[in-house]
Every structure is written in structure tokens, then in C-alpha cells.
Amino acid sequence: MGKKTKNILILSIIIFIFSIGTCLFLFLEINNKGVALENQMAILAENNNKESIYLNLRRTINETEEERKSISDKFFTDENEVISFLGEIESLAPEMGLELKTQDLDRVSDKEKKSEYLKIVFTYKGNKTNVTNFVKLMENIPYHSYINDLSLKKISDGSWEGRLTIFITIQSV
Amino acid sequence: MKEENIIGKILKHIVHPRQTEFVDNNIMHPERDWSLGVILGLGVCFFGIWLSFDLYNQYKDISIEDLNGIQGSVVYRSSLVEEVLVNFSERNKIYDDIISKSKSTTFIMVPVEGVEIVDEILSTTTDEIVVEEVFVESDLSEEF
């Protein structure tokens, strides 16, 4: 083999190896870009989903504003409402023919239900019809509440005494 | 005779072949070397084509819709909300009814429907509004 032939052979081998190496590098680069593309597409899909959920939530909030306000009004949010409610009940009692006293007023927490309540204990006296009407009234107050304790007793003069404990839910803002 | 010798030699060679008689004395074989080079080149070429096709197939169908992002939707139980609002409006109605009757000057105290009275001392502690369940049915004629 002549010198020129050898040089050409070596040169062609070098070019061949270089070409193969370049091709392999390009293939690896394309593969890496493909993986990056997949990751970016996943992030994009996630963002699109989040945006869709956000828009749905915003629309739901706008559409349900009135309903949520109605429900929110069923809870005590501040002391003024409590005072107003107590005043209303205490002014109603004489009109209903009852002698009413607010025995206890306290704020209690229920750890299980994770809620706060206003605990009110009323004692009242009147004829049995008025007493039962008052119980019915307290059952149907326009607030989220429940009667925890109720006792009625007939006393010697024919009138009735009642003691009622009611828990009204407080909404923490 | 000569033919017999040739045939004899052929037969002899077949039976007892001698390698030395078929030694390739050529140094270069251009056809063979070119063929090998071309076949190798074509092999590399086809391998590259296959690899390219495989990569293309792998990534051509990627789309955002196919990927599973966060699965979630806003849950708003409107039927439950409606039920609650209806319940509260009924309560409001009863409440307002009792108040308006109590404020009326010609108010005649009558028992509210659904509530019955006993003469016994009763007490209960419950977590729910179950006042009706506390009372025991009695003969109303005894009351009036």
C-alpha cells in the first residue's frame, strides 16, 4: 500500500468515526429534548387543569353569592347580632305572656365538631300554652342552632316553669 | 492417457485434497473489500434510519390532552344548599307566625300544632332539637 493510499485510508477512517460520533450525539440530543418536551407538556397540562378549575370555582362563587349570603346570615358573626337577638327574645317574652330570664350566656367550643357556639340558658314562667309556644319559637329561630336541654315543670299555682338551653352556632370569620 | 491422468488427478484431489494447491497468493482483493465496505456503510445507514424512525414514533403523538394533569372539579352540592334554605325558610315562617300572633292584640293563646303537654316533671339532655319526643301523649280533655 502506498503512502498516499495509507493517508487516504486513515483520513477516511477518521471522517467515518467523526460522522458516527456526530450522529450518535445528535440522536442522544434529540432523545433528551424529547424527554424535556414530555415534562413540559405534563406541566402545561397541569397548568391548564388548574386554570380550568380556577375558572370553574370563580364562576361557582359568582353564581352562588346569594345562596351563600343567605346561609351566612344564619350564623352569629359578631356580638352585635347576639345582643340584638337577646333583646328581641327578651322583648317578645312579655308579649307572649311569659316572665323570661337569661340565666346564662357563654361561648363554648366543640372540639369534635370544630365549631363554636353561643350557649344561652333561658328560664321562663307562664301558662302552659305560652310556655310551649316559647319552646316552639326557640326551635324555629332563624339561626343555626339546637336545643340541648329542656325541662318543664308545673308549679303549684297552675302555671308552668321552663328551663331551656340552646346552642347557636358562631361563624368564625 | 492424458485424460486419464487429469481425471485421476481430479479424483485424487477430491479424495485427498491438498491445501497447498489452493493458496490464495493475491495481496489485495478490491471486489471483496469494496463489498464489505459498502455492506457496512449500508448497515450503519439502515440502523440510523431505524433509530430515527423509532424516535419520531416515540414523540410524534405527544399532546396536552393525552396527559393526565390534576384531576379535580369544583364540588358544590346545590341540592343540599337548596334543602337547607327551604328548611330555614320554613323555620322563618313559623318563627314570624308565632311572633306576629304574640304581637296581635286579639291574640288568643292556642297550642301550636305538633306539641302536646304532660303534667309530669320532665327533663332531657339531647344534642338535637327533639322537643316533641320529650312529651308523652295525654288526653287533651283533661287539660281544658
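User: What does the secondary structure of chain B come to?
Analyst: This is a predicted model. In it, chain B comes to 4 helices and 1 strand. Along the sequence the pattern is α-α-α-β-α.

User: What share of the residues of chain B counts as buried?
Analyst: Of 144 residues in chain B, 15% count as buried. The cut-off behind that word is under 20% relative accessible area.

User: How many helices and strands are there in chain A?
Analyst: Chain A has 4 helices and 4 strands. From the N terminus on, they run α-α-α-β-β-α-β-β. Of its 173 residues, 35% count as buried. Take the contacts in chain A with a separation of 6 or more: 57% of them come from residues 24 or more positions apart.

User: Why does Thr165(A) count as buried?
Analyst: Buried means under 20% relative accessible area. Thr165(A) has 6% relative accessibility, so Thr165(A) counts as buried. Thr165(A) lies in strand β4 (residues 160-170) of chain A.

User: Which residues does Thr165(A) touch?
Analyst: Contact means heavy atoms within 4.5 Å. Leaving out residues up to four places away in sequence, Thr165(A) touches Lys119(A), Ile120(A) and Val121(A), and also Tyr146(A), Ile147(A), Asn148(A) and Asp149(A).

User: What makes α4(A) largely enclosed by the rest of the structure?
Analyst: The count of buried residues does. In α4(A), 12 of the 12 residues are buried, so the helix is largely enclosed by the rest of the structure. Among them are Lys128(A), Thr132(A), Phe134(A), Val135(A) and Met138(A).

User: Why is Val131(A) called buried?
Analyst: The limit is under 20% relative accessible area. Val131(A) has 1%, and is therefore buried. Val131(A) lies in helix α4 of chain A. Neighbours within four places in sequence aside, Val131(A) is in contact with Leu98(A), Tyr124(A), Gly126(A), Leu152(A) and Trp160(A).

User: Why does Asn130(A) count as buried?
Analyst: Asn130(A) has 4% relative accessibility, and the limit is under 20%, so Asn130(A) counts as buried. Asn130(A) also has its place in helix α4 of chain A.

User: What reaches the backbone nitrogen of Thr129(A) at the start of α4(A)?
Analyst: A side-chain oxygen of Asn127(A) comes to within 3.1 Å of that nitrogen. A polar contact needs a pair of N or O atoms within 3.5 Å.

User: How do you know that α4(A) is close to its expected reach?
Analyst: Expected span is 1.5 Å times one less than the number of residues. α4(A) has 12 residues, and 16 Å is expected. From first C-alpha to last, α4(A) reaches 16 Å.

User: How far does helix α1 (residues 3-63) of chain A reach, and what is expected?
Analyst: α1(A) has 61 residues and reaches 89 Å, close to the 90 Å expected. Its buried residues include Phe27(A), Gly34(A), Met41(A), Ala45(A) and Thr60(A). The buried residues of α1(A) pack against α2 (30-60) of chain B.

User: How do the axes of helix α4 of chain A and helix α3 of chain B cross?
Analyst: The axes of α4(A) (residues 128-139) and α3(B) (residues 78-103) come within 9 Å and cross at roughly 145°. The crossing is left-handed.

User: Which residues in α4(A) and α3(B) meet?
Analyst: From α4(A), they are Asn133(A), Lys136(A), Leu137(A) and Glu139(A). From α3(B), they are Arg91(B), Ile94(B), Tyr95(B), Ile98(B) and Ile99(B). By type, the residues of this contact divide into 5 nonpolar, 1 polar and 3 charged.

Conventions:
Residues are numbered from 1 along each chain as its sequence is written. Chains are lettered from A and ligands numbered from 1 in the order in which they are written. This is a predicted model: local features need pLDDT of at least 70, side-chain atom pairs count only at pLDDT 80 or more; totals for chains, interfaces and linings use all residues. Side-chain values use heavy atoms; hydrogens and water are left out. Axes are lines fitted to C-alpha atoms, for helices over the stretch in contact, and angles run from 0 to 180 degrees between N-to-C directions. Helices (H or I, at least four residues) and strands (E, at least two) are DSSP runs, numbered from the N terminus. A crossing is left-handed if the near helix is turned anticlockwise from the far one by less than a right angle, and right-handed if clockwise. Ala, Val, Leu, Ile, Met, Phe, Trp, Tyr, Cys and Pro count as nonpolar, Asp, Glu, Lys and Arg as charged, and the others, Gly among them, as polar. Buried means under 20% relative accessible area, exposed over 50%, partly exposed in between (1.4 Å probe, protein chains only). A polar contact is a pair of N or O atoms within 3.5 Å; within protein, one must be able to donate a hydrogen and the other to accept it, and residues adjacent in sequence count only if both atoms are side-chain atoms.
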